[in-house]
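The sequence and the coordinates are shown first.

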Amino acid sequence: GAVGVQEAITYRELVDDFRQYIIDAAKSTGKNGITPLFLAAVLYIEIFFRPKKTDREPELDAVQETIDEMLRGDWFIPGIDTSLNHSVGVGQIRLSTAAMVLGKIPWIDKDIKDRTVAREKIEDNFNNLTVEDKAYIFRKLKWPKSNIQIAADLLTKLKNRSNRYPSMTAEDFGSNERSAGIIATEYNLGGSSTSEKD
C-alpha cells in the first residue's frame, strides 16, 4: 500500500542521498555524542512524514520567499515575523531551535508543566535576530548536509545536558532504549528541564 511505498522512498533517500552526511555528522559529535544509527532513526521519522517533493520543498520555498521579501524591505512588521519560524528540511528543525544550536540565541529548556513561558521566550529571542541572521540560519537548514549536521548537534546537545547523559558514550547511549527514547522525544517536543528519572 501507500505506507509501504513511502517506507521504501524514505529508506532510499536515507541510504542513497544522505548516508555519508549521517555518518560524518554523527562522527563529528565525538566520543560522548551520538551514533549514526540513532541519527538515522530520528531522521527516518522526519523524512517519512515529510516526503521530499510533496511537503519539504514547498515548506522551504515559502520560508525563502518571506526571507527574500524581508531582505528587500518589501515585507517587515517588527515582532510579527513568526511566519519564518517553521520546522524545515530533512530533520524538520525549527529555525528558532537551530538558532539555539548555532549559538545565535540562548538555549532554553522547557518546564513540562507549562511549556508556554519557554516557547514565548525562545520565539521572542528568535524574532529579535536580524533578518541576515535568520537568512543564515535558514540557509543552514535548507541544504540536507548542513540540516543533518544541525540535527546531530541538536541531539548531542539534548543528550549532554547535565540532567540527561553527559558522561554516556555514544555507543552506550545508542544501545540504551530508555535514554535514546527520551532524547528522541525531546528532539520533537523540545528540551525539558525535568530530571531524567521523571
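## Basis

The structure is a predicted model. All values given here are computed from its atoms, and the side-chain values rest on heavy atoms.

## Helix H3 and its two partners

Helix H2 covers residues 19-28 and helix H3 covers residues 36-49. Their axes come within 8 Å of each other and cross at roughly 125°. The crossing of H2 with H3 is right-handed. On the H2 side the contact involves Ile22, Ile23, Ala25 and Ala26, and on the H3 side it involves Pro36, Leu39, Ala40 and Leu43. By class, the contact of H2 with H3 has 8 nonpolar residues, no polar ones and no charged ones.

H3 also packs against helix H8, with axes that come within 11 Å and cross at roughly 110°. The range from 65 to 115 degrees counts as roughly perpendicular, and H3 and H8 are therefore placed in that class. This crossing, too, is right-handed. Phe38, Leu39, Val42 and Leu43 of H3 meet Ile148, Ala151, Ala152 and Leu155 of H8. The contact of H3 with H8 is again made up of 8 nonpolar residues, with no polar and no charged residues. Leu39 and Leu43 of H3 take part in the contact with H2 and also in the contact with H8.

## Helix H7 against helix H8

Helix H7 spans residues 131-142, and its axis comes within 5 Å of the axis of H8. The two axes cross at roughly 100°, and H7 and H8 are therefore roughly perpendicular to each other. H7 contributes Arg139, Lys140, Leu141 and Lys142 to the contact, while H8 contributes Pro144, Ser146, Asn147 and Ile150. The residues of the contact of H7 with H8 divide into 3 nonpolar, 2 polar and 3 charged.

## Glu46 and Gln92

Glu46 lies in helix H3. Its relative accessible area is 10%, so Glu46 counts as buried. Beyond four places in sequence, Glu46 touches Val90, Gly91, Gln92, Tyr187 and Asn188. The C-alpha atoms of Glu46 and Gly89 are separated by 9.0 Å, although these residues are 43 residues apart along the chain.

Gln92, one of the residues touched by Glu46, sits in the loop between strand E1 (87-88) and strand E2 (93-94). Gln92 has a relative accessibility of 12% and is therefore buried, the cut-off being under 20%. Most residues other than glycine have a negative phi. Gln92 has a positive value instead, with phi near 45°. The side chain of Gln92 makes a polar contact of 3.0 Å with the side chain of Glu59. Leaving aside neighbours within four places in sequence, Gln92 is in contact with Glu46, Arg50, Arg56, Glu59 and Ser87.

## Met100

Met100 belongs to helix H5, which runs over residues 95-101. At 10% relative accessibility, Met100 is below the 20% cut-off and so is buried. Not counting residues up to four places away in sequence, Met100 touches Ile105, Pro106, Trp107, Ile108 and Ile122. Between Met100 and Gly73, which are 27 residues apart along the chain, the C-alpha separation is 26 Å.

## Asn163

Asn163 is placed in the loop between helix H8 (144-159) and helix H9 (170-174). Its relative accessibility is 18%, and Asn163 therefore counts as buried. The side chain of Asn163 reaches the backbone oxygen of Thr194 at 3.0 Å. Apart from neighbours within four places in sequence, Asn163 is in contact with Ser192, Ser193, Thr194, Ser195 and Glu196.

Technical notes. Residues are numbered from 1 along each chain as its sequence is written. This is a predicted model: local features need pLDDT of at least 70, side-chain atom pairs count only at pLDDT 80 or more; totals for chains, interfaces and linings use all residues. Helices (H or I, at least four residues) and strands (E, at least two) are DSSP runs, numbered from the N terminus. Buried means under 20% relative accessible area, exposed over 50%, partly exposed in between (1.4 Å probe, protein chains only). A polar contact is a pair of N or O atoms within 3.5 Å; within protein, one must be able to donate a hydrogen and the other to accept it, and residues adjacent in sequence count only if both atoms are side-chain atoms. Contact means heavy atoms within 4.5 Å. Axes are lines fitted to C-alpha atoms, for helices over the stretch in contact, and angles run from 0 to 180 degrees between N-to-C directions. A crossing is left-handed if the near helix is turned anticlockwise from the far one by less than a right angle, and right-handed if clockwise. Ala, Val, Leu, Ile, Met, Phe, Trp, Tyr, Cys and Pro count as nonpolar, Asp, Glu, Lys and Arg as charged, and the others, Gly among them, as polar. Angles under 35 degrees count as roughly parallel, over 145 as roughly antiparallel, 65 to 115 as roughly perpendicular and the rest as oblique.
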